[in-house]
Amino acid sequence: MTSIVDAPEWRALTKNAEALAGTSMRDLFARDPDRFRRYSLSAAGLFLDFSKNKISDEILDNLLALAKARGLEARRDAMFAGDKINETEDRPVLHVALRAGADAAYAAGGAPVSALVNEELARMKRFADAVQGGKVRGRTGKALVNVVNIGIGGSDLGPQMAVEALRPYWIKGRRSHFVSNVDGRHLADTLSELDPETTLFVIASKTFTTQETLANARSAKDWFLNSGAREEDIAKHFAALSTNEEAVTAFGVDPENMFRFWDWVGGRYSLWSAIGLSIALQVGFQNFEKLLAGARAMDAHFRAAPLGENMPALLALVGVWNRNFLDIRAHAVLPYDQHLHRLPAYLQQADMESNGKRVGLDGAPVAHETGPVLFGEPGTNGQHAFYQLLHQGTDIVSADFIAAATAASELGDHHQLLLANFLAQTEALMRGRTEAEARADLAAAGLAPAEIDRLAPHKAFPGDRPTSSILMDRLTPETLGALLALYEHKIFCQGVIWGINSFDQWGVELGKALAQDILPEIGGPGETRPPATARDSSTNGLIDRVNKARGQRSGR
């Protein structure tokens with residue numbers, strides 16, 4: 001395939017960016033009263049407005065031509081067909097099959113998988129319903145009212161985000177906890193509040209060998225046994241989400257309480273699978289099914305809609321335009337909903353682990369930028385933290401603003417105030433404030449001319465900060481599912497255009513391997529260790545300093 005930077009569509013977009021350099025978004029809105037209507041669309045219960053990006057019809061046409069030239073539609077069809085589009089791991093990518101419904105007939109590499117998915121969903125339903133109905137109880141007959149999900153990465157970020165997002169749907173009396181960090185305080189702090197007789201542990205590890213997860217699982221098991229439980233009681237208080245039945249059984253989990261997923265399910269795309277068990281336990285399986293249904297609706301839209309009317313594709317193309325042609329290197333996700341406070345962290349993994357790549361599918365370094373740095377916080381908290389840089393910083397940051405028009409339960413005028421800020425911020429980032437406007441405001445406030453001269457430059461905002469707005473009527477399991485699928489497909493589209501594999505993550509492997517090598521060099525409390533010599537001077541020096549501090553301690 002021709003290098004993307006040599007493609008005529010890419011060169012045309014480069015010229016578009018040069019020609020647009022002297023035009024502001026204020027100008028674009030002033031020239032086109034119909035801009036909002038033409039650069040917005042609805043799909044699967046979501047509304048996307050991307051008119052506050054510095055684009056034109058010509059730019060959008062060239063972006064769509066670039067997507068076609070890069071084979072986006074064929075690549076999309078190959079994913080849904082179960083082809084092995086994860087080339088480096090020789091696997092299909094079929095998270096869409098996990099939420100496709102009872103009548104689906106997906107195949108991975110030619111082998112049918114929909115029946116396997118539906119069978120596992122049925123097993124999850126039976127288990128979640130049995131826990132909710134009290135048929136599954138702890139060793140002393142008490143209800144299992146606390147669920148502790150032990151996982152890391154996609155086995156933690158997705159379920160935790162969804163559980164928090166769906167707080168209005170929580171089963172009364174049920175509380176889910178999430179432990180991911182191998183730092184022992186994370187587990188210890190969680191367990192300090194729990195009763196072992198009413199706690200169910202869900203161990204989420206595809207291979208059941210993940211270092212952090214297994215360390216936490218073993219310590220949780222020790223805590224449980226030290227409460228007076230016996231080995232045979234483990235089966236009543238532990239479930240596993242894994243593919244390694246031998247290791248799961250050796251741990252003490254009843255194979256009936258082991259829920260499976262497959263190698264064509266990537267970790268950051270896995271909350272739709274058995275990894276979502278903690279979601280089903282917290283909100284009920286019926287609401288988990290609604291989450292799947294919302295994603296399925298977005299899948300159907302993405303699969304069928306022409307690219308020019310396709311929400312994931314358009315959101316992706318706007319991102320490509322900002323990243324590659326306007327040189328915008330960071331992107332903020334800003335949900336104006338406290339229940340979505342874990343969404344930015346979830347999307348950090350989904351986006352940066354997927355598209356943080358410097359090598360193309362052909363194995364050669366790419367000649368263009370790929371994924372941006374992604375960050376975010378819920379509004380309005382972020383406004384009082386980092387929005388100053390968004391408005392007046394020397395680097396331009398693009399952003400997605402997300403809100404629901406109505407809240408699950410409204411408290412006074414809080415939601416109106418939230419929405420006013422949601423709307424005002426995108427307008428302010430787009431319009432900015434000229435120095436002349438700042439001077440007029442200061443004069444209207446009665447300031448003296450000298451004071452106006454002093455303050456006006458500080459109160460001017462350049463504007464032209466690109467934003468997209470995603471609006472839903474209300475945050476429900478269905479709209480959450482659609483929102484997450486929208487971002488999954490956006491990430492996929494960008495990976496196709498950039499010519500990279502969005503579904504591997506070799507970059508995280510080196511650090512894991514080195515950690516395993518270094519582990520034996522870290523001494524226990526009170527233990528004396530010889531100087532480290534096997535590594536660079538910095539790493540050796542840090543190991544020695546750590547061991548010296550630990551050697552001076554005899555325990556807790």
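## Asp90 and other backbone features

Asp90 sits in the loop between α5 (72–80) and β3 (107–108); helices (H or I, at least four residues) and strands (E, at least two) are DSSP runs, numbered from the N terminus. The phi of Asp90 is near 55 degrees, a positive value in a residue other than glycine. This is a predicted model, in which local features need pLDDT of at least 70, side-chain atom pairs count only at pLDDT 80 or more, and totals for chains, interfaces and linings use all residues. Residues are numbered from 1 along each chain as its sequence is written, and side-chain values use heavy atoms, with hydrogens and water left out.

Most residues other than glycine have a negative phi, and most peptide bonds are trans. Ala44 also has a positive phi, of about 55 degrees, although it is not a glycine. Ala44 is found in the loop between β1 and β2. Its relative accessibility is 28%, so Ala44 counts as partly exposed (buried is under 20% relative accessible area, exposed over 50%, partly exposed in between, with a 1.4 Å probe and protein chains only). A cis peptide bond, with omega of about 15 degrees, joins Gly379 and Thr380. Thr380 belongs to the loop between β11 and α16 (387–392).

## The six-stranded sheet

Six strands form an open sheet in the order β1-β2-β13-β12-β10-β11, with mixed pairing. β1 (40–43) and β11 (373–375) stand at the edges and have a single partner strand each, so one side of each is left without a neighbour in the sheet. On average, neighbouring strands of this sheet are turned by 15 degrees against each other, direction ignored. Two strands pair if DSSP finds at least two bridges between them. β1 pairs with β2 (residues 46–49) in the antiparallel sense over four bridges. In this pair, Leu41 stands opposite Leu48 in β2.

The buried residues of α5 are Leu72, Arg76, Ala78, Met79 and Phe80. They pack against α4 (57–69), α13 (285–304), α14 (311–325) and α20 (477–498), where contact means heavy atoms within 4.5 Å. Just after α5, Gly82 takes a positive phi of about 80 degrees.

In α8 (residues 184–191), Leu187, Thr190 and Leu191 are buried. Seen down the axis of α8, the buried residues fall within an arc of 95 degrees, so they line one face of the helix; the arc is that of the directions from the helix axis to the C-beta atoms. The buried residues of α8 pack against β6 (175–179), β7 (199–204) and α9 (211–225).

## The contact of α7 with α15

Helix α7 (residues 154–165) packs with helix α15 (residues 343–355) at an angle of about 145 degrees, and their axes are 9 Å apart. Axes are lines fitted to C-alpha atoms, for helices over the stretch in contact, and angles run from 0 to 180 degrees between N-to-C directions. Gly154, Leu157, Gly158 and Met161 in α7 meet Leu343, Ala345, Tyr346 and Gln349 in α15. The residues of this contact divide into five nonpolar, three polar and no charged.

## Arg358

Arg358 lies in the loop between α15 and β11. At 60% relative accessibility, Arg358 counts as exposed. Not counting residues up to four places away in sequence, Arg358 touches Ala364, Pro365 and Val366. The C-alpha atoms of Arg358 and Ala404 are separated by 36 Å, the two residues being 46 residues apart along the chain.

Key. Nonpolar A, V, L, I, M, F, W, Y, C, P; charged D, E, K, R; others polar.
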